[in-house]
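Hello,

Here is the structure you are taking over. My notes on it follow below.

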Amino acid sequence: MLKLWLLPATCLVVVKAHIALWDPGMFGLNYPYQADDTSNLAWNNNAPVNPLREMDALTESQWFGHGFLGYPPASGNFMTLPSGGTYHGEHGCNRAETSLRNPDISDPLPYYACPAGDGSTGVGALHTMNTYNGTFDEVWQGGAALAIAYTSDVSTLQPNDLTVISINQTAVWARAVDYQIPAGMPPCPSGGCLCTWNWIHEANHGEGYPFEMYNVLYRCQVTGATDSTKTVQRGSVPVDCTNSSTSCITGPKTPMYIYQADGNNIAHLNTPPNYKSTWGFNDGAQNDIFVAATKPAPTTYIVNPYATPTGTTVAGGTPTATALPSGWVSYGCSTDQDSPRVLNGPSVASDNNTISGCTSSCASQGYTWAGVEYGRECWCGSSALINPTNSSNCNVPCSGDPWAKCGGSYAIEVFFGPSTVPEVAGADTLPTGWSNLGCFTDQDSPRTLDSDFVTSSNNTYSQCIAHCSSANYTYAGVEYGDECWCKNSLNMTRLTTDGGCNVPCAGDPASNCGGSYHIQVFGPSASVVNATTTMSNATATATGTANSTATAGNSTITTTAVVNATTTTHVVNATTTTHSVTANTTTTLNANTTTTHTTTATTTTHTTTATTTTHTTTATTTTTPASKTTTTSAAPSSTLPAGWADLGCMVDSNSRLLSVYMGTSSKNTATTCIQRCAAAGYTYAGTEWSTECYCAKSIKSTATTTGCNMACTGDLKSTCGGFYRINVYGPATTTKSAAQTCTMTLAQQILYFFGMISNPCPSTSATNKRWMRIDRRGVAV
């Protein structure tokens with residue numbers, strides 16, 4: 001017989017701090033050899049004691065039974081469990097430190113499970129104490145559990161098939177250990193039962209790595225005074241009842257499986273669970289195992305340490321997250337920092353933190369914002385500096401509710417209270433399942449909601465929600481009284497309480513439907529909270545090249561300008577929509593002379609769901625010899641509102657003739673733009689580039705020009721300005737000024753275009769040569 005280990009125990013170098021319960025019925029006892037291989041005996045075996053660590057991302061087949069299901073005990077060897085008696089076992093960091101060591105060794109067996117070098121004194125199992133003083137504090141001992149399954153078929157055994165039958169709450173410390181076995185245990189089937197030993201050490205004691213567990217498998221037999229009339233029932237998954245003993249699971253319970261890549265029955269916890277009363281376990285024999293569980297453990301498991309259970313379950317179902325109190329809504333996961341915090345009020349850390357508890361606590365203190373962070377933290381505030389981030393960053397289970405997520409590391413799940421989002425006023429009521437999410441600021445690009453847009457003279461909350469819902473959009477918003485906008489994502493950073501949603505609904509004057517650059521947003525009612533709206537920002541700089549070519553007679557001048565464009569990316573869920581604007585102007589002066597100028601504007605990328613869509617808007621103005629065409633502005637095909645008059649086509653510029661930009665509209669007309677401006681208290685209105693509406697209380701100039709030649713998006717028979725041309729409307733008494741022109745020669749046009757001379761027409765509005773336009777007569781306008 002080959003003896004692989006012959007050194008005395010005092011000379012043995014073994015792995016410390018890792019533990020197993022050693023028994024002849026153990027799977028993996030003789031690893032890496034089969035137990036029946038008597039020619040190879042692994043006396044110095046520490047493989048079963050290695051911790052099953054989160055960082056190793058072990059699958060169920062790797063961690064269950066420590067992965068030794070293919071290394072069964074020797075034929076005829078069983079762990080013997082006396083019904084109503086005591087099982088005497090051995091904790092140890094190595095087989096060589098137990099009675100299963102090489103029989104040629106006669107040194108006394110150690111007292112401690114993991115002895116020091118002299119074999120007589122030591123700290124016991126690390127993770128339990130920090131000092132080698134021969135004493136221990138039971139506070140830091142989480143206990144260990146024996147569990148049983150009444151089957152001998154390893155191939156069909158599932159982790160939740162096992163029921164805990166005995167707890168030793170002072171484990172692990174001494175080598176010799178006792179586990180009390182309940183009386184009246186039924187006998188095992190032919191071939192025996194299958195049992196496991198389970199331990200999850202406490203954090204920050206000894207080595208201190210908390211995210212690991214221990215699970216060893218045995219063939220076992222129940223002996224003594226057995227009772228065939230009884231049945232060991234399938235257990236429930238234990239729950240943390242530290243702060244409420246009434247919430248403890250009573251009756252049979254499963255072992256706890258945690259921190260593995262899959263097969264967990266408990267979600268990730270920063271504070272490890274234990275086999276004590278705080279998780280519903282009493283010390284000694286578990287005599288309640290014969291009573292049917294109220295919530296038998298599910299037959300499926302948590303896919304990863306940060307997920308909740310999914311799949312088919314047995315009677316009793318799967319644990320679910322606590323509900324969000326009525327009236328509160330989730331505003332998703334937000335990046336936090338030390339200063340300033342997302343929420344500006346007080347905070348508290350608790351081992352029983354839940355979403356419902358945190359929101360209720362903040363509300364009781366008069367705060368309208370609440371947030372949960374890093375599992376244990378609850379924050380309150382009277383305002384919020386929301387910086388949305390991906391929901392996957394809020395991945396830490398709540399300390400008081402492992403089935404819900406309570407933020408993450410510098411990531412806070414934010415909630416808006418009922419007193420901050422008042423019920424909408426007026427005769428209109430919200431459809432079932434929809435909530436008022438508050439007033440948001442809006443802008444021209446990107447819009448707060450921009451996937452769909454309609455206007456209606458009968459616009460109401462419910463009408464807009466019905467429209468968006470029928471098109472399968474998640475969010476609906478009303479703006480400027482008559483507008484309805486839809487989208488599947490929402491930029492939470494625009495939430496405001498500035499009172500800007502103050503324009504009456506066109507179809508319900510008793511309610512307000514947004515306002516000037518303000519949109520009232522509605523979305524799904526929240527109950528169990530999952531972060532669904534995400535947003536992150538990044539800025540990059542792109543460099544492009546713009547080529548301009550001018551031909552005069554037989555001479556060609558080519559100028560290449562490097563254009564720096566700033567790209568801002570907003571990531572919302574996982575969809576990318578790119579809007580780019582290119583303005584091209586070609587002026588034909590004669591058959592042989594062409595001037596082309598291309599300018600690319602800032603590109604903004606919006607990422608939303610799972611599809612990438614690119615929208616390119618190109619504004620092209622082409623002029624031809626005067627003898628062939630003339631340009632006029634089509635009058636509005638509909639009658640203007642009373643008191644308003646068409647003041648004509650006017651030149652616009654970067655400084656804007658009308659200073660207030662009201663955004664774009666897919667239904668833009670002179671009438672709708674005037675109505676929006678009038679509702680906001682403005683005297684002048686203007687339409688530009690088909691879709692745009694501008695307002696002002698005064699006008700910088702009333703000089704008219706040509707070039708308003710782009711059809712309105714809401715009235716193709718009328719024109720709504722052009723490229724830097726605006727159709728202006730105002731009081732019927734307004735006096736128009738004569739058009740201002742300045743004639744340039746062809747040589748001046750070319751030289752000015754390429755920056756070789758200053759503006760030959762300084763009195764015109766063409767102060768920015770990059771946007772100068774030359775009409776068909778060679779007139780700068």
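Pro 32 sits in the loop between E2 and strand E3 (40–41). Helices (H or I, at least four residues) and strands (E, at least two) are DSSP runs, numbered from the N terminus. The peptide bond from Tyr 31 to Pro 32 is cis, with omega near 15 degrees. Another cis bond joins Ser 339 and Pro 340, with omega about -5 degrees. Pro 340 is in the loop between E13 and E14.

Some ground rules. This is a predicted model: local features need pLDDT of at least 70, side-chain atom pairs count only at pLDDT 80 or more, and totals for chains, interfaces and linings use all residues. Residues are numbered from 1 along each chain as its sequence is written, and side-chain values use heavy atoms, with hydrogens and water left out.

Confidence: pLDDT is the predictor's confidence in each residue, from 0 to 100. The protein averages a pLDDT of 73, and 68% of the residues score at least 70. Over residues 130–134 pLDDT stays under 50, and the model has eleven contacts there beyond four places in sequence. Contact means heavy atoms within 4.5 Å.

Backbone: most residues other than glycine have a negative phi, and most peptide bonds are trans. Two tyrosines deserve a look. Tyr 480 is not a glycine, yet has a positive phi of about 55 degrees. It lies in the loop between E22 and E23. Tyr 480 counts as buried because its relative accessibility is 5%. Buried means under 20% relative accessible area, exposed over 50%, partly exposed in between (1.4 Å probe, protein chains only). Tyr 724 also has a positive phi, near 55 degrees. Its loop runs between strand E39 (715–719) and E40. At 14% relative accessibility, Tyr 724 counts as buried.

Sheets: two strands pair if DSSP finds at least two bridges between them. Strand E27 (residues 518–524) has six of its seven residues buried. E27 pairs antiparallel with strand E20 (residues 434–441) over seven bridges. Strand E22 (residues 475–479) also runs antiparallel to E27, joined by four bridges. Phe 522 in E27 stands opposite Asn 436 and is the bridge partner of Ala 476.

An open sheet of five strands has the order E13-E19-E15-E16-E14, with antiparallel pairing. Its edge strands are E13 (329–335) and E14 (347–349), each pairing on one side only. The twist averages 20 degrees from one strand to the next. Angles run from 0 to 180 degrees between N-to-C directions, and axes are lines fitted to C-alpha atoms, for helices over the stretch in contact. Helix H2 (residues 355–364) lies across strand E15 (369–373), E16 and strand E19 (411–416), at about 145 degrees to E15.

Helix H4 (residues 670–679) is largely enclosed by the rest of the structure, because seven of its ten residues are buried. Among them are Cys 673, Ile 674 and Cys 677. Their cover includes strand E23 (483–487), strand E34 (644–651) and strand E40 (725–731). Just after H4, Gly 681 takes a positive phi of about 85 degrees.

Cores: a nonpolar core is a set of buried Ala, Val, Leu, Ile, Met, Phe, Trp, Tyr and Cys residues joined through side-chain atoms within 4.5 Å. The largest has 36 residues; Leu 21, Met 79, Leu 81, Leu 146, Ile 148, Tyr 179 and Trp 197 touch the most other members. E11 gives the most to this core, with five residues. A second, separate core of 31 residues includes Phe 64, Ala 147, Leu 217 and Ile 266.

Best wishes
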